Amino acid sequence: MADHHDDDHGDGVSRRHALECMIWAGTGVLWTVAGGVPKSLGLLDRAEAAEAASKGFTFLQISDSHVGFDKPANPHALDTLKDAIAHVKALPQKPAFMIHTGDITHLSKASEFDSAQQIIGSAGLDVHYVPGEHDIIDEGTGKAYLERYGNNTKGSGWYSFDQEGVHFIGLVNVANLKAGGLGYLGPEQLEWLEDDLKPLKNSTPIVVFAHIPLWSVYPAWGWGTDDSAQALVYLKRFGSVTVLNGHIHQLMQKVEGNVTFHTARSTAFPQPAPGAAASPGPMLVPAEKLKSLLGITSVNFQRGREALAITDTALADA
């Protein structure tokens, strides 16, 4: 799936300015990046949004749909996924594609995959998937997931592709969870990642997406990846790296040098903040509050900009 680029030399890691303006074109939000973290300044009209889109492209992230979940935290998870996709279809500028960062289903059942495909496919976008742990619980093999989404992937489903000068890498860190539920990439995938990155210029923007965060959000709950440090060593030379994840069902962002880590909301149910409960899991909230804790993520790349602009939209605001 990956197309590689010619080599480049030099440090390739020019630092972000303390204050840098950029535009997210999907709904026309003006962003400023202070200390590496995008913040919203105001709204653009459609003409301005279209002009911004012409300078780059927007893609969307959804995560943790948990199709098949019907517990009190959200007995209608299929309906909130439909709400998320309805918002996608209503965007004034069509995104280039969508990524799904795992837990498409709740129990890896064929009927759940079918329902997810029908709803997500109705957006009319190409979708790039990586599995969550709930997508591979069919005897632990991930066979059902790979039969549907494993074409042109390696191992348990990792791959890369390119879009208008940006290199995208889909990693799998749920196939061999470590003690406590920590994600794990494994030596075979790490070796592949090193080889995949070698031909790229230092200036190539990189987007990595996986299910479990690649930074240690809260290891006591398994919210981190055991061997992510080695992957980050391989990514260190690039001037712009964006790492997108799901799994923890809430917004959280961290910036380390030229690497921005961003976790997305679920479209199904929220989870408690790290350490705020005895354990992670579906969090029951008042029905009128639920959609404010669910949502989708949009990311915009503009040529000539180092960082990618990220915005999150709650279903309550869609």
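How many helices and strands are there in the protein? The protein has seven helices and 14 strands, where helices (H or I, at least four residues) and strands (E, at least two) are DSSP runs numbered from the N terminus. This is a predicted model, in which local features need pLDDT of at least 70 and side-chain atom pairs count only at pLDDT 80 or more, whereas totals for chains, interfaces and linings use all residues. Residues are numbered from 1 along each chain as its sequence is written, and side-chain values use heavy atoms, with hydrogens and water left out.

**Figure 1. Overview of the protein.** Of the 318 residues, 55% are buried; buried means under 20% relative accessible area, exposed over 50%, and partly exposed in between (1.4 Å probe, protein chains only). The protein exposes about 13200 Å², of which carbon and sulfur atoms supply 51%; accessible areas come from the Shrake-Rupley method with a 1.4 Å probe, and for residues only the protein chains shown count as cover. Among contacts between residues at least 6 apart in sequence, 71% join residues at least 24 apart, contact meaning heavy atoms within 4.5 Å.

Figure 2. Axes are lines fitted to C-alpha atoms, for helices over the stretch in contact, and angles run from 0 to 180 degrees between N-to-C directions.

**Figure 3. Strand 13 and its two pairings.** Strand 13 (residues 295-302) pairs with strand 14 in the antiparallel sense over six bridges. Within this pairing, V299 has I310 of strand 14 as its bridge partner, and T297 has D312. Strand 4 and strand 13 also run antiparallel and are joined by six bridges; here the bridge partner of T58 is N300 in strand 13. Strand 13 is mostly covered, with eight of its eight residues buried. From this strand, G295, T297, V299 and F301 point one way, while I296, S298, N300 and Q302 point the other way.

**Figure 4. Helix 5 beside helix 6.** The axes of helix 5 (residues 187-197) and helix 6 (residues 228-235) come within 10 Å and cross at roughly 10°. The two helices are therefore roughly parallel to each other; angles under 35 degrees count as roughly parallel, over 145 as roughly antiparallel, 65 to 115 as roughly perpendicular and the rest as oblique. Helix 5 contributes L190, L193, E194 and L197 to the contact, and helix 6 contributes Q230, A231, Y234 and L235. These residues divide into six nonpolar, one polar and one charged. Ala, Val, Leu, Ile, Met, Phe, Trp, Tyr, Cys and Pro count as nonpolar, Asp, Glu, Lys and Arg as charged, and the others, Gly among them, as polar.

Figure 5. T225 lies in the loop between strand 9 (206-209) and helix 6, and counts as buried at 6% relative accessibility. Leaving aside neighbours within four places in sequence, T225 is in contact with several residues, including N173, Y184 and P213. A175 is placed in the loop between strand 8 (166-170) and helix 5, and counts as partly exposed at 30% relative accessibility. With neighbours within four places in sequence left aside, A175 is in contact with I136 and S156.

Definitions and conventions. Pairing = 2+ DSSP bridges.
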